[in-house]
Amino acid sequence: MTSGPALASPWFVRPPAAAASARLFCFSFSGSGASAFSAWPATAGDAEICPVQFPGRENRLAHPHYASYENLADQLVEALTPLLGTPFAFFGHCSGALPAYESVLRLAAAGLPTPQRLFVSGQPAPHQAAADRMLTLGEDELRAEIVTFLRGRGIEPRPDMIDMGMSVLLRDQAAAGAYRRTEPTRIDCPITVLHWSQDTDVSLADLQGWRRYADSVETRVVEGGHYDFMDAPAQLLKTLAAGRSHRSEQCSRHR
């Protein structure tokens, strides 16, 4: 299923396999990189997991930061275009859901294939993104957030780790703060909205705005906290596999 030559690109830390029968492109949250998916398996159902590496972090630290979600989506569409002949879906967690959504819009505008499904996890809809609590925090508070996050992952933070995290997070936060979509623009693929049952930042009610973004929008509750997606819980992987394959069956019936 995922054997055969790999398709190298700086956008993917796991080069997509040329023989993949389907792919799930994964977008991480502000201040992080593709390593957020390092604990994920190679596949979810029949779809190859493809964590997207944004420029300006981890192994792409020397690459210019994208500066805005709009720029990021433009660059991503170019990088994704050679891979669009294979069925695919997008998964975006927290702020990563926003460039994922913007990429869907750009794919459609260019007349290119769009995802079988957009999965958005722990992120309010684009027209409500400006209310994100993180956007109100100063540098000291953001440093404290990084410390809390690292300790929550079982890592004792060192000062250099926090400094590195801040250098990425501040630029990501600037892009998030500049993002404005005042009205929903609908997309032509179904959306699955994932709410984490122990998420103290984003409530189930906060996610309802996504209902205005597609004809088909479903909500699923996943057990765990805001960052527990990084552990690839079985319930999440099952939801991703089932949601993508359900869309595949629908497309097959309409051919």
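Reader: Where is Trp-196 found?

Author: Trp-196 sits in strand E6, residues 191-196. Strands here are DSSP runs (E, at least two residues) and helices are too (H or I, at least four), numbered from the N terminus. Bear in mind that this is a predicted model, where local features need pLDDT of at least 70, side-chain atom pairs count only at pLDDT 80 or more, and totals for chains, interfaces and linings use all residues. Residues are numbered from 1 along each chain as its sequence is written, and side-chain values use heavy atoms, with hydrogens and water left out.

Reader: Why is Trp-196 called buried?

Author: Buried means under 20% relative accessible area, with exposed over 50% and partly exposed in between (1.4 Å probe, protein chains only). Trp-196 has a relative accessible area of 0%, so it is buried.

Reader: Which residues is Trp-196 in contact with, leaving aside its neighbours within four places in sequence?

Author: Contact means heavy atoms within 4.5 Å. By that test the partners of Trp-196 include His-93, Ser-121, Gly-122, Phe-229, Pro-233 and Leu-236.

Reader: What makes Cys-94 and Ala-232 worth a look?

Author: Their backbones. Cys-94 has a positive phi of about 55° although it is not a glycine, and Ala-232 has one of about 50°, again without being a glycine. Cys-94 is in the loop between E4 and H2, while Ala-232 lies in the loop between strand E7 (217-222) and helix H5 (234-253).

Reader: How do you know whether Cys-94 and Ala-232 are buried or exposed?

Author: Same cut-off as before: under 20% counts as buried. Cys-94 comes in at 14%, so it is buried, and Ala-232 at 11%, so that one is buried as well.

Reader: What about Gln-116: where is it found, and is it buried or exposed?

Author: Gln-116 is in the loop between H2 and E5. Its relative accessible area is 10%, so it is buried.

Reader: H2 keeps coming up. How do you know what span to expect for H2?

Author: The expected span of a helix is 1.5 Å times one less than its number of residues. H2 (residues 97-109) has 13 residues, and its 19 Å from first C-alpha to last is close to the 18 Å expected. Just after H2, Gly-111 takes a positive phi of about 75°.

Reader: Why is H2 called largely enclosed?

Author: Because 10 of its 13 residues are buried. Among them are Leu-98, Tyr-101, Glu-102 and Leu-105. The cover includes strand E1 (23-27), helix H1 (69-80), strand E4 (88-93) and strand E5 (118-121).

Reader: Zooming out, how many helices and strands does the chain have?

Author: There are 5 helices and 7 strands, in the order β-β-β-α-β-α-β-α-α-β-β-α along the sequence.

Reader: And what makes the chain as compact as a globular protein of that length?

Author: The radius of gyration is taken over C-alpha atoms, and the globule rule is 2.2 Å times the number of residues to the power 0.38. For 255 residues the rule gives 18 Å and the chain has 17 Å, which is close, so the chain is as compact as a globular protein of that length. Buried residues make up 50% of the chain.
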